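Here's a short tour of a protein model for someone new to reading structures. Have a look at it first, then read on.

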Amino acid sequence: MTSSPEIKAKRPLSPHLQVYKPQMTSVLSIFHRMTGVALAIGTLMVAWWLIAAATSESAYNTAQSFASNPIGTLMIFGWSVALFYHLSNGVRHLFWDMGYLFKIESAYKAGYLVLLSTVLLTAGAWYLALAN
Amino acid sequence: MKLKWNNDPMKSPLGRARGLGSAKEGANHWMSQRITAIANIPLVLWLVFSIVSLKGASHAQFTDWLAHPLNAILMILFIISTFYHAKLGSQVVTEDYIHNEGLKFVKLIAQKLFFFGLGIACIFSILKIAL
């Protein structure tokens, strides 16, 4: 079906994302996607680490020195936050899949629990890494 | 951009609609995403713990660690489960946000090849160190 531009212009549009007030539930949902995409890109770092170790000692040392320089460490810190968030919120998703936490109140409570869990897991992992 | 087969003037409306419906693999995609998600939970926690304890490890220390069968097996399982999960997730993101049919087509294939190729490279590297 073809339509002229004039007819198309008169059609009502569904509200765009920017019309809605950001809510905790919707913000956590978009965070889940964003962290997922970041982690998908992070597979490159995992691959670099493994391939370098299989290639040679000097290739491994290059990867290690990248990981321990400030930019590399910052990137790994970002990936660790994304990982723990995606992990925690993924568990929340699995509860939804089993039919729990659908009430608005419990969806919010679980959302705050996800944020708390992200902070605690990130802090715990970096505490162990730095104390080690 | 419209793909060639979408605006063929010689096609009847029924002909156009055929093959454009459900690909009948949605349930499998959904279930695979959940199963890999469940597998990822212990695998990711194991990897985080391992990375923390391997911090600053020399090449010899790292390859010794990965040569242990348990570590090599868990690492291969981690690669398969997370890379497959990433492939499934990024496919949905592309389908939702890329509206240009041609670009979507190319991006979906590129993502599949990316995760498959990178995953195989990782598994080969693990085996080379472990065997």
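## About the model

This is a predicted model, where local features need pLDDT of at least 70, side-chain atom pairs count only at pLDDT 80 or more, and totals for chains, interfaces and linings use all residues. Residues are numbered from 1 along each chain as its sequence is written, while chains are lettered from A and ligands numbered from 1 in the order in which they are written.

## Chain A on its own

Chain A has five helices and zero strands (helices are DSSP runs of H or I with at least four residues, strands are E runs of at least two, both numbered from the N terminus). The C-alpha trace of chain A spans about 65 × 40 × 25 Å along its principal axes.

## Where A meets B

How many residues of chain A are in contact with chain B? There are 24, and they touch 23 residues of chain B (contact means that C-beta atoms, placed from the backbone, lie within 7 Å). Helix 2 of chain A gives the most to this side, with twelve residues.

## A helix pair in chain B

In chain B, the axes of helix 3 (residues 59-67) and helix 5 (residues 101-130) come within 8 Å and cross at roughly 95° (axes are lines fitted to C-alpha atoms, for helices over the stretch in contact, with angles from 0 to 180 degrees between N-to-C directions). So helix 3 of chain B is roughly perpendicular to helix 5 of chain B (that label covers 65 to 115 degrees). Helix 3 of chain B brings T63(B), L66(B) and A67(B) to the contact, and helix 5 of chain B brings I126(B), I129(B) and A130(B).

Note on methods:
Parallel < 35°, antiparallel > 145°, perpendicular 65-115°, else oblique. Contact = placed C-beta atoms within 7 Å.
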